[in-house]
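Hi,

Here is the structure I promised to pass on. Have a look at it first, and my notes on what turned up follow below.

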Amino acid sequence: MQEAPTIENYRDIDNHLSSFIKKGDNLAVLLDYDGTLAPLAEHPSLTVMEPESEAAIKELATHPNVFLAVISGRAVGDVKNKVGIENITYAGNHGLDIAFANGSMFHYEVSDELKSNFTKMVDELEEEVATRGGWVENKIASLSYHYRGVPEELHDELSSDATAIIHSYGYIPSQAHLAIEAKPPVQWNKGEAALSILKEEFGDEWHAHVKAVFAGDDTTDEDAMKALKGKGKTFRVSALPSIKTYADFRVPSTETGCFIFKNGTKRFPSKRKHSILDVNESQPWYRQYEEVKRLIDSEVEIIQSATCKKIKENLKQFVESSRDRWCLNDLPTAVILTGINQGDHYQFFNSLNNEISENAFVAVIQGRNCSNLKSAINTIICGLTASYVSQNDEELSTDDVSIRRSESNIQVLKSWYLETFGSNGPSLVVVISDFELFREDVLTELIQLLVTINDDLPMVLVLGVATDISILERTLPYYVMNKLQLCKFQSSPSKQSLEKILNDIIVSPNVSVHLSGNVLNFLTDIFLYFDFSINSFLKSYQFCVMEHYQQGNEFSLCTSTYEKCLEKIKDLKHEDIEEIRSLPSFRRYVESLTNPAEIIDILEKDKYFRKNLEPLLKNVYAYFQRFHCFSRMLFTMLQNLPRNVIAKQYRDVYVLCSTKHIFRNQNFCELWQLLTVLSKDELLLVLSNSVDTLNNYKKKFCFDDAIGKETQSLIDEVIKKLVHYSSQISKAELTTESSKRNTPVKLGKDYKEELKNKMMEQASTSKSSTDLRKHIDITLTYIKGQLTKYLVPFSEAPTLNELLVFDDVKSVRQHIIGAPRAATHAALQNPQLYLQAFNIIHQDDPDSQASEVQPEIQARFVRAVAEMQFLGYIKSSKRKTDHVTRLTW
Amino acid sequence: MQVISHTFETSRHEIIDRLLGYLREDTALPQSLFIYGSSGTGKTKIIASLLRQTIPNAIIVNCIECCSSKVLFETILNGIFNHKLSAANQYSPYVRCTNARDFFDALQHCDTSQSYVIMIDAAEKLGDMDKNILPIFLRLQELSDLNICCVLVSTLHIQMMTPTDGLEGTISIYWPQYSKKEILTIMMDKFEDHQAFVKKKLVSTNPSNVSDLEAIVDSMHITFFENYLHLFLNVTLQSCRNVRELLLTSRDCFQKYCEPVLNGSVDINDVQKLYRNIAEVLKSAMKKTYQSIEDSNETTSELDTSRMQQLELPFYAKYLLIAAFLASHNDAKLDKRLYMKNHGKQRKRVQDIKAKAVVNEKLSTQLGPKSFNLDRLFAIFYAIIDEKINMNCNLMSQIPSLVRLKLLTYVAGENNVMDGNARLQCNAGLDLIIKIGKSVGFNVSQHLCDFM
């Protein structure tokens, strides 16, 4: 045995195997199951193959040049079920049973004595050691005793007991991963099995016809590796780099194994040439995702350029007017307060080049490019000349203004400018996009320099400041500051930009993927609490969209409009339809059907299903259209209410409505109560505002299709009602006024009559006020009715809502938020090795028991420390040779 | 000569005469001249135009533009040999010259019958370059055997610059400050500019009867301006003598000064009343003579002003900053008392009571920030924040971004943040932190040991 070279990636395997496997060769692939094809699990029945492995294996199985066999310690039937591929060879019980692809079986015959001993052994093992979490797996010809679930301190005891029992019955125990395997005392193992399979399949001279590849992770697999040594190539799956093995190569984990197989298939001549990504591109869900992504990107760009437009115009004006300023030759300087996330603004600064003016050239510099003055000057000159070239690209090529970078200095810039433009040319704008990231000394010298050359060339300085303007005074010395003529610009706060993007794109009815309230909350929380970065917000959103479509091809039905969605129905395949059938909301729909024939039709016949899909989709699309419409109306109604904390932004309302029935939410009901006690004028204002919102919505989002028309008519109806009610409310007010006017105010002679009159008057006013109350009540009840009807939470939305709503907070959280602690935790828990190493450090710290250290423990300790240092968990503290500091939290 | 003297109508005749005595084309030039004086007193302007008119081979170089000695040498040589950079020669210099030796080699080709004067502006920068640069230019004549003279113009005295030996042949001249009278004469010249500025303001603020008001401005007599300048200089000269700044400030003040006249509320000749109007403005102007920050009103009016916080930070970043401030300004010994629920009873000792009676300068908030490590920062952060938050990457990345914004700085161990050796300190002031604390509803002073 020896250490084997490690294979980390595809390149490695290419290097190692290119000489072994040639084009057109036949290939026999023999694989272990547990720990190789599928990662180990708590219980053998829980192991599952990674999806990639499964796909790769299936591909291999169908390949004409490849013969595939799975050799496992499990019973044959078990492993067959687990792998789930027909027409390949399976060997169980370490090769004692083999089921060939052509259906024939092979059983290794053992003596009757052993057979009878076997049952006794099983019984005794069950009695003696199958306690405290250990259990016996009976595989008919062999067995395994698993002690994975046993507390660690009992491992040694129980395993030695089990070994003794197995010995006593004449079987041979062998150590596996937290298990003892008992095999009959015969000269038959995985190696023999592998050879016999190959001989059976390819004849005695098999190695002349076929190249064999074997992979396994266990000591039992070593037999096969030994047997195939020199005849084929073998792989041992093990995380330990120093493991001694007969295998030719070591693969660190099952993922890598899968990776190797997957890419290995690529090199076979008759195979279609595509990687997993190529497959995706042609699939409907991917195409749909691409389309949606493009749409979102373009809309974001529109919004961002609109928010920047104002400030760009002002800046342009500033640059243009900078020339005819007052007598003093100060350097005109625009300070743009960008807000703390500079990353979001690089694009803005870079786009200035096109925007500012035809009559100015722009150089944008960033702190990271300017570690000293010389490089800063170089960057500026290159930027200015490049800008000049790009604006005159018809007549000029880059050669015409070739200023060599090594040659560029201010003299060169001056003479270039004067030669090209004379003394009265365009302004030269230098944009320092991240003021805070510059070194102070460089910045001081640079600005001093710009001030100096401003005497000869028309310079303009633009500073992007992330914090506030006082940082200028703190950074720049007096003799620089007093030569700047500062003008302050404020870019719109990032919170505002986020709101705009949210309202116009992410929670707008035009979007295809509707985020559920939880996901939206999660994303905005990251923004508000952690980073304020629009870019990263958009990235996360894009991730959500991708995650949504990736669930399957049936999600390609998720489009921005109903019309487009209908086109996608025909692309659905049978499997996709099956997926749709298994959606929970579709199940509910089927259960609600009464006609049994119809149920069978819809579950069995794809054609019937497709036909039925249209009305369902129409329903769900219409639902979202109305949902957005009425949530917007609700927001306008609540927006200006006093003591409104739950619905300050539209997104709050959206989240409220999408997660729960709003009228079951107590906070919301309190807010709603406030509406009923509003004064008439306020209420009328609220109503007219809502009508405006509805009208706007109609104009903006209702397109000329079936759903759009339907929604339009619905909105029209609501508007008509609202207008009607508000006119009634205002009329009610009028009657009060008129009754007031009629009442006599003079004091009459007859006191009683006066009193009577007053009573009458009061009665009439109260009546009119109740009249008003009544109208208000009617109005609000009407609105409430409409809202409860249309603002159904997503979870209870019409059938197939799963296709349009993304609600997987968990996966988003997992992927978006990096948690170093959790990662460390997982890393330490999973490969037992690291835990052991920590234990060793904890227990066997050489300092604590320096008196006598066993050499083995010492050696293990040193190795563990070295490995952990390599992995970056600890680091030498340089205090003593053996002192380390931890690097993780 | 008369002409030159006249262009600088101020009483600089004496110094100009002296310079003219040294710098004459037909005689042997002195080894070098070192002229120093504070900025904004017209050194460069006067000497440059003087040289241009008297010496045909005058080369004027600004040290700020030449960031390295190489560029400086090449620029001087370009000037001496009258070499113009252009696209035709691909903007390459007359001769490449990486060190002083190349420079002198090139100087060999000069016409020895000619006399040259090199004026080096901002010569204080020479001290920061290579050690040999300053002596070279001070003794250029001796080293090159040419009739050549260096005029170094600097704001620093030559004694302040690093190599101070070998100055024998250098004539150093002090360039005096302007007197009040001189400043007045200079500023009197700018009357038209002031008028133009007032008119410009008029156009932008009050477009209705511009022409009438402009007529008033045009009709102003120079004595009106002179009166104003007297008032202005009386106040501002105490704090500032830089002509550039004075002009800037006076421009704004003059516009204010004119307002009552334009309104018609005060007669144009009533100096006393006008003074009363302008006194406040002048006093405030004195405080901010050089902070002329203009606001682009268009943008500010659009946004809701209450929303425009000076500094907007994410919620947790605010708390992190507060925690950093507390860690910087509290003693680590007190942490337990401040942030733990059951911190036990504090026994009062005479020492403590004495210590309590600290004078103001012992307040730790005024002693400046102390450094702290990341562990302590996070411990305080978790102690002052009510919610439960996981330690995740987004939170950790707030620290570098605060460092980038210069609100925190690494004091030590910047390169090994991972092992917890890094020490930070908080640069934010108490005012800013209190403001931030208010915005998140956190009482900062309660958690500062100074205020307990």
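Strand β10 (residues 210–216) of chain A is joined to strand β11 (residues 232–237) of chain A by 5 bridges, and the two run parallel. (Strands here are DSSP E runs of at least two residues, helices are H or I runs of at least four, both numbered from the N terminus; two strands pair if DSSP finds at least two bridges between them.) In β11(A), A:Gly232 is the bridge partner of A:Ala212. Between β10(A) and β11(A) the chain passes through helix α8 (residues 219–228) of chain A, and this β-α-β crossover is right-handed, meaning that with the strands pointing away from the viewer the path from the first strand over the helix to the second runs clockwise.

β10(A) also pairs with strand β1 (residues 26–31) of chain A, in parallel and through 6 bridges; A:Asn26 has A:Val210 as its bridge partner. Because 6 of its 7 residues are buried, β10(A) is largely enclosed by the rest of the structure. (Buried is 20 or more other C-beta atoms within 10 Å of a residue's own, exposed is 12 or fewer, and partly exposed is in between, with C-beta atoms placed from the backbone.)

Before you go further: this is a predicted model, so local features need pLDDT of at least 70 and side-chain atom pairs count only at pLDDT 80 or more, while totals for chains, interfaces and linings use all residues. Residues are numbered from 1 along each chain as its sequence is written, with chains lettered from A and ligands numbered from 1 in the order in which they are written.

Now to chain B. An open sheet of 3 strands there has the order β7-β9-β8, with antiparallel pairing. β7 (372–373) and β8 (408–412) stand at its edges with a single partner strand each, so one side of each has no neighbour in the sheet. β7(B) and strand β9 (residues 423–426) of chain B share 2 bridges, and B:Asn373 has B:Arg423 as its bridge partner.

Back in chain A, A:Thr676 is in helix α27 (residues 666–676). A:Thr676 counts as exposed because it has 12 C-beta neighbours inside 10 Å. Beyond its neighbours within four places in sequence, A:Thr676 is in contact (C-beta atoms, placed from the backbone, within 7 Å) with A:Ile776 and A:Leu780.

Best wishes

Technical notes:
Contact = placed C-beta atoms within 7 Å.
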